[in-house]
Amino acid sequence: MRHTLVARVFDEPGVLNRVASLFRRRAFNIESLTVGQSEAKDYSRMTVVVDTARVPARLVEESLRKLVPVAEVRDVTDLPTVDRDLALIRVRCVPADRAEVAQLADIFRGRIVDVAPESVIVEVTGDGAKVDGLVDLLRPRGILEMVRTGKVAMLRGVTPAA
Amino acid sequence: MNERESRGRSLTGARIVWECLLRENVDVVFGYPGGCLLPIYDVMEEYPIHHVLVRHEQGAAHMADGYARASGKVGVAFATSGPGATNLTTGIANAMLDSVPVVFITGQVASHLIGSDAFQETDVTGITLPITKHNRLVMRAEDIAPALREAFAIARHGRPGPVLVDICKDAQQKEAIFEWRDVPDYPSLRPRPGVSTADLERAADLIRSAERPVILAGHGVIKSGATRALVAFAERTGTPVASTLLGLGGFPASHPLSLGMMGMHGEAYVNQAIQNADLLLAFGMRFDDRVTGNLKSYAPRARKVHVEIDAAEIGKNVAVDVALVGDLRVVLEALSPLVSEKRHVEWLRRIDAGRADTKGRDILHQEDDGNLYAAHVLHDLWEATKGEAIVVTDVGQHQMWEAQYYAHETPRSLITSGGLGTMGFALPAAIGAKFARPEAEVWVVVGDGGFQMTQAELATIQQEGIAINIAIINNGFLGMVRQWQEFFYEKRYAQTPMLSPDFVKLADAYGMTAHRVTRRRDVIPVVRAARKSGAAVLIDFRVVQEEAVFPMVPAGAALDAMIRRPVLQDEEAVA
Ligand SMILES: Cc1ncc(C[n+]2csc(CCOP(=O)(O)OP(=O)(O)O)c2C)c(N)n1
């Protein structure tokens, strides 16, 4: 099973290293880890997706909490959240097929953001399943390169997340 | 320099380090100088803190560790950049695994050289990241005081542990205004919320309905100062107490409810009691593989209540029915009033029946056949010291015999490397313990192998003029490894027979009194003489070479699948 943890961490040197080291040392299996700015100047925000087949999510959560720069951790797996993953996909595409690719992308609220003679870059943002859907449809055309940010998550409603 | 003078004044980073140590009530530091620590050493004489010059930085780490374990205070060790810091690492890992509060201060190359592979530059915060609770690189003089303040707070907080502060040389040289502010409000350092009444009630229910309960007492009993609370709780509920290696001393060995040590080399009846129990009360212990044996068959009929300060230990190895996360003493004091007086006569009788069988196999009942048995040495050491010494053990067979035959009545009277199992720990750790409790009688119990790992610290003992007694249990082998080879590798003794120097002459070279003992009848007189001497004494006990520690649960086997010593004689004869 996959769990999504959201953490607020002090923005200080080495904090990402500490989190990564913890996961490696405890053999926790990370599916994705994103880190970036938060609303507060001194804090960064992490979203970690872990595979909990081997270790219960609660252990991952408590282990994170022990790191000094980790201010808050919350398991949001079973809570209503807005989840987003962004992908850039370079797909093989001759000029004659551009319209079709653009249409496909459009269905997923994606779009073509760069054009080359033999390929285009498609950008798509959405929850993981949606991005997976577009990737699956584009694959037969030949995906030349792809980058995904991994999941970021925020609680819906008025509760400030994590 | 008194507080009023130094606060708010501009001081060099080096002086700020000492000002901070004074304010943390540090009275001794263990260290070794080098280029990147010179500014700190240069002003040392101005401050009333004693510095112990070690012979290897690993020794400094273990001394600070031994000091912390013996005193309950935070230990402090210094090392210079590069090789000085890397030499500390074994000791840091040792403190981490046994949750010992130590602050390590290392010198680092000047801040503008960081990342340039400068002479003696190593990424010390990188290297020690997984073996410290926290660490920090300090590049500016003004960051030293906050970093040290925080380091002591983190080392002590919750489940204690080592913290390292790596200070650039230029930060030691430059000046900053010395301020002594509170540690920032880290959520991870806030006190945990107390345990809920509902959880306490659930635990109390399990305790009320249990018929075959056993308390598993760990290092947490000692760390939280919970001995009195534990004795009261055990007596009230009539529950027998088994101890982990690091828990020994946390519950008096002579107490009628004391079972002794559990686990790989625990007594058979203790492990059997755990396997037969219907309730395990795990107090400040972490279900290490050395105490549980195979988890699949561990205490199959028992409900489990886990009282533990570290929430990340709950459910890590063993699933539990009730978890009470908090300081053990506080939790026990809250739990005690909820449970009623109880006696488990039948259960205790059943456990005792197992004890009788153990007696028949006990090497203590072996007649004096002219050979010197290590177990006899430990037993006689206990007798001659009236069980009142602080015993600091190394790692190996002698460590287990000590745990089995030296009965500990008080907390912090046994100091040993449990989690990391670090050979070479005992001698330096004992030096630290002696500094923590100068009035105490301190004995090192160490194998011939482990002694040679850190024997250089004999010179430290002499330079400091401290009275520590050293018992080398000399079997001519890396004994514990030899035992595994005997049991599991068909006696192929690959690289375990070991040549040692003449330890008596070695001690003599250091100007230390030494004796060699080869017969049992000499053990007690020689120990008594050492106790009286008032100076450091080394005793080379030449023990039987191929003895094994019994019983033994092979690694990965069920806790009750023990290899036991063959019955020595007719059971009737010893009963
Ligand atoms: C630093 C280190 N290296 C290796 C080991 C593995 N080891 C565990 S016990 C042991 C033998 C110890 O021999 P000795 O010190 O003579 O004590 P004895 O077992 O004979 O009492 C060894 C090599 C260890 N625990 N620590």
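The buried residues of helix 16 (residues 374-384) of chain B pack against helix 17 (397-405), strand 17 (442-447), strand 18 (469-474), helix 23 (523-533) and strand 20 (537-542) of chain B. Contact here means heavy atoms within 4.5 Å. This is a predicted model, in which local features need pLDDT of at least 70 and side-chain atom pairs count only at pLDDT 80 or more, while totals for chains, interfaces and linings use all residues. Residues are numbered from 1 along each chain as its sequence is written, chains are lettered from A and ligands numbered from 1 in the order in which they are written, and side-chain values use heavy atoms, with hydrogens and water left out.

Helix 16 of chain B is mostly covered, with nine of its 11 residues buried. Buried means under 20% relative accessible area, exposed means over 50%, and partly exposed lies in between (1.4 Å probe, protein chains only). Helices (H or I, at least four residues) and strands (E, at least two) are DSSP runs, numbered from the N terminus. The buried set of helix 16 consists of Ala374(B), Ala375(B), His376(B), Val377(B), Leu378(B), His379(B), Asp380(B), Leu381(B) and Ala384(B). After helix 16 of chain B comes Lys386(B), with a positive phi near 55°.

Helix 18 (residues 426-436) of chain B is largely enclosed by the rest of the structure, because 11 of its 11 residues are buried. Among them are Leu427(B), Pro428(B), Ile431(B) and Phe435(B), and also Lys434(B).

A strand of chain B is covered as well. In strand 5 (residues 102-108) of chain B, seven of the seven residues are buried. Val102(B), Phe104(B), Thr106(B) and Gln108(B) point one way from this strand, and Val103(B), Ile105(B) and Gly107(B) point the other way, all of them buried. Strand 5 of chain B pairs in the parallel sense with strand 4 (residues 75-79) of chain B, over five bridges. Two strands pair if DSSP finds at least two bridges between them. Opposite Phe104(B) of strand 5 stands Ala77(B).

A loop residue can be followed next. Arg565(B) sits in the loop between strand 20 and helix 24 (571-574) of chain B. Is Arg565(B) buried or exposed? Its relative accessibility is 9%, so Arg565(B) counts as buried. Apart from neighbours within four places in sequence, Arg565(B) is in contact with Arg361(B), Ile363(B), Glu547(B), Ala548(B) and Phe550(B). Ile470(B) is 95 residues from Arg565(B) in sequence and 29 Å from it in space, C-alpha to C-alpha.

For chain B as a whole, the secondary structure comes to 24 helices and 20 strands. The radius of gyration of chain B is 25 Å, which agrees with the value near 25 Å for a compact globule of 575 residues. That radius is taken over C-alpha atoms, and the globule rule is 2.2 Å times the number of residues to the power 0.38. The C-alpha trace of chain B spans about 75 × 65 × 40 Å along its principal axes, and 59% of the 575 residues count as buried. Of the contacts in chain B with a separation of 6 or more, 75% are between residues 24 or more positions apart.

Chain A has four helices and nine strands, in the order β-α-β-β-α-β-β-α-β-β-α-β-β along the sequence. Its C-alpha trace spans about 55 × 35 × 30 Å along the principal axes. Of the 162 residues in chain A, 44% are buried.

Strand 5 (residues 81-92) of chain A has two faces. The covered face holds Thr81(A), Asp83(A), Asp85(A), Ala87(A), Ile89(A) and Val91(A), and the uncovered one holds Val82(A), Arg84(A), Leu86(A), Leu88(A), Arg90(A) and Arg92(A). Which strand does strand 5 of chain A pair with over eight bridges? That partner is strand 7 (residues 119-126) of chain A, in the antiparallel sense, where Glu123(A) is the bridge partner of Leu88(A). Strand 5 of chain A is also joined by five bridges to strand 8 (residues 143-148) of chain A, again antiparallel, and there Ala87(A) has Arg148(A) as its bridge partner. Four bridges link strand 5 of chain A to strand 9 (residues 152-155) of chain A, and these two run antiparallel. In strand 9, Val152(A) is the bridge partner of Arg84(A).
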